[in-house]
Amino acid sequence: MILVTGATGKVGGQAVSQLLDAGAAVRALARDPASAALPEGAEVVRGDLADPATLDDALDGVESVFLVWPTLSADHAAPATVKAIAGRARRIVYLSARGVPDPAPGAPETDPDSILGSHALVERLIERSGLEWTFLRPGGFAANTLMWASQIRDTGTVRWIHGAASRALIHERDIAAAGVSVLTGTGTGHAGARYVLSGPEPLTQIEQVTAIGEAIGRPVRWEELSPDVALRGLLDQGWPPAAAQEMIDAHARMVTSPESATSTMEELTGRPATPFRQWAADHADDFR
Ligand SMILES: NC(=O)c1ccc[n+]([C@@H]2O[C@H](COP(=O)([O-])OP(=O)(O)OC[C@H]3O[C@@H](n4cnc5c(N)ncnc54)[C@H](OP(=O)(O)O)[C@@H]3O)[C@@H](O)[C@H]2O)c1
């Protein structure tokens, strides 16, 4: 039995479907099973990662866990939640993030209030838990561009920062496929691995917007926004200040140091990572 958390979300949802397709027994964690639209075949169990006392039923008889962490919002419960998982399961595949530093003497401390700090916290807890672990460290999700969807639908223009920032965005299907390959593969060598995952090639944000325009069949314009205005907008949306600043700073860095492509996806699954153009075609209706 494999427990998938984040099962109602983008990556976890894909993991549930792909594990079922691979013939695995799948249990899906949801805070509200009644509203969770999950594929037939998955056993849906209520549980909240921020409240380890609620995870008993979900962890009953589980061999492996595909863990999607509610970054920052559940960090207070991380030690007890990881302990609860380690008390019942044998193996964990953790959806972490690219940029989390490997533990090493003298390694820089990660700001605990940042997204990378949250993932670093969970990684360190898992490393010490006794679980057999594998970390997936994807870079930017292609689905991050959905934050432009309402602007594109309403105005045909994207107003955002650093149009020249370039990253190799990854399809949520590919992240899940990498995890499924680790969970269902008979090969060894995944224990203790930290896999950095990406899409096939870096594209600037302006190129991403152009690709979305091609997918929906009408051009989308780019309008450069100042970082100060963008920061205020993120704070207005309720972003924690450290996470909002981290996002802005990361985009500035990606202008001069593009997020590179890795070959890990192909090594793990035997097929190349999905181009952003295909992701945009898969999600065209979200932008129409
Ligand atoms: N976006 C990026 O570029 C990027 C890059 C690297 C890593 N990541 C990491 O990817 C993860 C997000 O994955 P995603 O985009 O697939 O997620 P998502 O689509 O945003 O969905 C979030 C999922 O988390 C679940 N969830 C939220 N709070 C929960 C809680 N307290 N207990 C149990 N489940 C909870 C939600 O389930 P319910 O609401 O149904 O309970 C939902 O299934 C984060 O850890 C993020 O840091 C993102």
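Select helices α3 and α4, where α3 passes α4 in a right-handed crossing, a term used when the near helix is turned clockwise from the far one by less than a right angle. Helix α3 covers residues 78-88 and helix α4 residues 115-127, and the two pack at an angle of about 40 degrees with their axes 10 Å apart; axes are lines fitted to C-alpha atoms over the stretch in contact, and angles run from 0 to 180 degrees between N-to-C directions. Show the side chains of A78, P79 and V82 on α3 and of L121, V122, L125 and I126 on α4, which make the contact (heavy atoms within 4.5 Å). These contact residues divide into seven nonpolar, no polar and no charged, with Ala, Val, Leu, Ile and Pro among the types counted as nonpolar.

This is a predicted model, in which local features need pLDDT of at least 70 and side-chain atom pairs count only at pLDDT 80 or more, while totals for chains, interfaces and linings use all residues. Residues are numbered from 1 along each chain as its sequence is written, and side-chain values use heavy atoms, leaving out hydrogens and water.

Next, select R27 in strand β2, residues 26-30 (strands are DSSP runs of E with at least two residues, helices runs of H or I with at least four, numbered from the N terminus). R27 counts as buried because its relative accessibility is 7%, the limit being under 20% relative accessible area with a 1.4 Å probe, protein chains only. A polar atom of the R27 side chain lies 2.8 Å from the backbone oxygen of A58, and one lies 3.3 Å from the backbone oxygen of D57.

Finally, move to helix α7, residues 205-216, where Q205, Q208, V209, A211, I212, G213 and I216 are buried. After α7 comes G217, with a positive phi near 80 degrees.

Note on methods: Buried means under 20% relative accessible area, exposed over 50%, partly exposed in between (1.4 Å probe, protein chains only). A polar contact is a pair of N or O atoms within 3.5 Å; within protein, one must be able to donate a hydrogen and the other to accept it, and residues adjacent in sequence count only if both atoms are side-chain atoms. The expected span of a helix is 1.5 Å times one less than its number of residues.
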